[in-house]
Amino acid sequence: MDMSGKIDPAILPVGCFDGDLDLFESQYAVPDGVTYNSHVVLDEKTVVLDTVDVRKVGEWLDNVERALGGRTPDYLVVHHMEPDHASGVSALADKYPEMAVVGNAKTFPMLAAFTGRDFSSRALVVKEGDTLELGAHALTFYMAPMVHWPEVMVSYERASKTLFSADAFGRFGPVDPELPWADEARRYYLNIVGKYGVQVQALLKKAAGLEIQTVCPLHGPDLSGAALELALEKYGLWSSYAPEERGVLVAYASIHGNTARAALELAEMLKGEGLAAEAFDLARRDWAQAVAGAFRYGGLVLAASSYDAGVFPPMAQFLARLKHKGFRDRVVGMVENGSWGPTAMKTMLTELESMKGLTILEPKITIRSAATDENRAQMRELARAMAGAI
């Protein structure tokens with residue numbers, strides 16, 4: 001672990017990388033692992049910023065002790081109570097019984113619920129705009145409720161111009177600033193934080209009033225310079241539900257391959273109309289990537305087989321995820337396949353009715369087993385309609 005204090009000599013990273021976790025939050029695949037970020041600030045007063053997941057508490061405690069160099073922390077700041085960031089609170093509190101625990105009014109009831117312990121005798125409760133003076137450094141706290149839990153807060157360190165941003169601006173994968181940030185950050189944001197765009201916009205407005213040189217999220221690399229500019233741009237788009245690209249995700253759920261072949265043909269037609277187009281197999285690829293892709297582009301095509309008087313389950317599951325994540329303000333094309341009794345279209349349309357701001361294009365295409373020349377003519381018409389709408 002690098003404890004060089006690259007942000008500021010007094011701010012030392014003490015977090016851990018977890019390369020063995022299979023599912024983040026028991027649902028998101030993390031083949032490249034995930035980080036649990038934590039920092040120590042050394043000044044006249046010393047502070048530990050956040051803890052880590054239970055899987056890494058032992059390693060983290062060693063990191064903290066080494067960074068402290070024999071000193072005792074005066075404070076532990078808990079920005080976010082989710083267990084991947086707060087599982088070490090009790091262990092650190094036991095190791096340093098004189099240490100105060102810093103949180104807001106919503107933090108401590110949650111801390112008691114998670115740990116079964118009462119921290120009120122050592123709680124330092126902060127509110128919007130409060131500042132914790134450390135010496136040459138100071139932390140000012142800003143509340144960020146529902147980004148993405150109700151107790152979330154962030155802190156701004158004035159000497160280094162650093163924002164400790166909790167889960168905002170996080171990314172799956174290791175702390176490697178050379179790795180592309182956007183793809184895994186998009187998958188992280190849109191699946192975990194994305195439903196709370198209004199609250200993220202409120203946090204971005206607060207951040208705009210600060211002189212920030214570096215953002216330190218609880219997952220992934222620190223962001224500064226061009227990387228920070230990119231992150232702010234993307235968060236502005238994602239939190240306002242605006243598409244990033246003039247393109248289309250062609251999400252398909254195919255049983256025996258005919259729907260897949262039609263979806264792939266349609267993707268090529270869309271490219272021929274000057275659109276970016278990505279065909280996505282919902283039965284075989286990561287559904288969280290599909291959700292991220294649906295928000296990334298201005299257009300979405302749903303292509304699915306009929307199944308048991310409804311729609312093939314991978315498509316049903318995808319639509320349920322989109323609904324749960326607040327999918328909205330997109331242009332949608334529809335393709336169904338049904339050999340003897342097509343039912344996918346009706347089922348998909350029923351799910352889409354509950355989503356806001358969607359434009360459903362014509363023609364709505366019905367394939368019976370395999371696409372015909374007539375279907376291909378309809379697909380070309382749909383591609384032209386999509387190009388004109390996004």
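1. The structure under discussion is a predicted model, and the points below should be read accordingly.

2. The crossing of α9 and α10 is right-handed. On the α9 side, W287, A290, V291 and A294 make the contact, and they meet F318, R321 and L322 of α10. By class, the residues of this contact comprise 6 nonpolar and 1 charged, with no polar residue.

3. Helix α10 (residues 313-324) also packs with helix α11 (residues 344-352), here at an angle of about 10 degrees and with the axes 10 Å apart. The two helices are therefore roughly parallel to each other, because the limit for that description is an angle under 35 degrees. The residues that meet are M315, L319 and K323 from α10 and M348, E351 and L352 from α11. This contact contains 4 nonpolar and 2 charged residues, and no polar ones.

4. Residue D18 belongs to strand β2, which spans residues 16-18. With a relative accessible area of 0%, D18 is buried, since that term applies under 20%. The side chain of D18 is joined to that of R55 by a polar contact of 2.5 Å. Neighbours within four places in sequence being left aside, the contacts of D18 are with G33, V34, Y36, R55 and K56.

5. Residue R122 is placed in a loop, between α4 (107-115) and β10 (123-125). R122 counts as buried because its relative accessibility is 17%, and the cut-off for buried is under 20%. A polar atom of the R122 side chain lies 3.3 Å from the backbone oxygen of A93. Beyond residues up to four places away in sequence, R122 touches A93, Y96, P97, E98, M99, A100 and V101. As for distance across the model, R122 and M269 are 64 Å apart from C-alpha to C-alpha, with a separation of 147 residues in sequence.

6. Two cis peptide bonds deserve a reader's attention. One runs from V147 to H148, with omega near 5 degrees; H148 is found in the loop between β12 (138-143) and β13 (153-157). Another cis bond runs from E362 to P363, with omega near 0 degrees. P363 lies in the loop between β22 (359-360) and β23 (365-367).

7. Positive phi values at residues other than glycine form the last topic. S26 is not a glycine, yet its phi is positive, at about 60 degrees. S26 is placed in the loop between β3 (23-24) and β4 (28-29), and it counts as exposed because its relative accessibility is 64%, where exposed begins over 50%. A166, likewise a residue other than glycine, has a positive phi near 55 degrees. A166 is found in the loop between β14 (162-164) and α5 (182-193). At 2% relative accessibility, A166 counts as buried.

Terms used
Residues numbered from 1 in each chain as written. Predicted model: local features only at pLDDT ≥ 70, side-chain atom pairs only at ≥ 80, totals over all residues. Heavy atoms only, no water. Helix = DSSP H or I, 4+ residues; strand = E, 2+ residues; numbered from the N terminus. Buried < 20%, exposed > 50% of the residue type's maximum accessible area, 1.4 Å probe, protein only. Polar contact = N/O pair within 3.5 Å; in protein donor to acceptor, adjacent residues only side chain to side chain. Contact = heavy atoms within 4.5 Å. Axes fitted to C-alpha atoms, helices over the stretch in contact; angles between N-to-C directions. Parallel < 35°, antiparallel > 145°, perpendicular 65-115°, else oblique. Nonpolar A, V, L, I, M, F, W, Y, C, P; charged D, E, K, R; others polar. Left-handed = near helix turned anticlockwise from the far one by under 90°.
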